[in-house]
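Here is a short report on one protein chain.

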Amino acid sequence: MAFRIGRGSRATGWQRVAAVEEVPPEELTAVQSDAGPVVLANVDGAIYALEDRCSHQDYPLSGGDLEDGQIECPFHGARFDACTGRATMLPAVAPVRVFEVEIRDGAVHILLG
Ligand code: FES
């Protein structure tokens, strides 16, 4: 694992967060990273990683639904594009942070920092 702590103890570098088989198709999977909680979304076999925090009121998105590439927040119904983090339905207007994803050796790695 390529991992280092940058200035100010901010986690940077690639981190393994799950095995690929732990992220079933068309489901959301909550994982922990050194940058905080992350939600993984498997959209048609492609895995995306987003900060597990709704931009509306900071509640976790991982308890929500994934449908047609959209994550729906379980709290007030905001929606986000799972690929880009863009808010697509009110009450959220700001995007959710997304992480670059790489699949290596059967595992999901995300780029922190
Ligand atoms: S916390 Fe997600 S829509 Fe309000």
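From the N terminus on, the elements read β-β-β-β-β-β-β-β-β-β-β-β. That makes 12 strands and zero helices.

Residues are numbered from 1 along each chain as its sequence is written.

**Confidence and overall form**

The mean pLDDT (the predictor's confidence in each residue, from 0 to 100) is 92, and 91% of the residues reach 70 or more. Residues 1-9 stay under 50. For this stretch the model has 13 contacts beyond four places in sequence; a contact means that two C-beta atoms, placed from the backbone, lie within 7 Å. Where pLDDT is low, the predicted coordinates should not be read in detail.

The C-alpha trace spans about 35 × 35 × 20 Å along its principal axes. Among contacts with a separation of 6 or more, 39% link residues 24 or more positions apart.

**Two sheets**

Strands pair here if DSSP finds at least two bridges between them. The model holds an open, antiparallel sheet of four strands in the order S3-S4-S5-S10. Strand S3 (28-33) and strand S10 (98-99) each have a single partner, so one side of each is left without a neighbour in the sheet. Another open sheet of four strands, also antiparallel, runs S6-S7-S8-S9. Its edge strands are S6 (65-67) and S9, each pairing on one side only. The twist averages 30 degrees from one strand to the next, with axes as lines fitted to C-alpha atoms and angles from 0 to 180 degrees between N-to-C directions.

| Pair | Bridges | Facing residues |
|---|---|---|
| S4 (residues 36-43) and S5 (residues 46-51) | six bridges | Val38 opposite Glu51 |
| S7 (residues 70-72) and S8 | three bridges | Ile71 opposite Phe80 |

**The core**

Of the 113 residues, 33% count as buried. Buried means 20 or more other C-beta atoms within 10 Å of a residue's own; 12 or fewer is exposed, and in between is partly exposed, with C-beta atoms placed from the backbone. A nonpolar core joins buried Ala, Val, Leu, Ile, Met, Phe, Trp, Tyr and Cys residues through C-beta atoms within 7 Å.

The largest such core has 27 residues, and Val38, Leu40, Ala41, Ala49 and Leu50 have the most contacts inside it. Strands S2 (11-19), S4, S5, S10 and S12 (107-112) give two or more residues each. S4 gives the most, with four. Beyond four places in sequence, Ala41 touches Leu28, Tyr48, Leu50, Leu66, Ile71 and Ala82.

**Cys83**

Where does Cys83 sit? Its place is in the loop between S8 (79-81) and S9 (87-89). Cys83 is partly exposed, because it has 14 C-beta neighbours inside 10 Å. Leaving out residues up to four places away in sequence, Cys83 touches Val43, Tyr48 and Gly69. Gln70 is 13 residues from Cys83 in sequence and 8.4 Å away, C-alpha to C-alpha.

How values were computed
This is a predicted model: local features need pLDDT of at least 70, side-chain atom pairs count only at pLDDT 80 or more; totals for chains, interfaces and linings use all residues.
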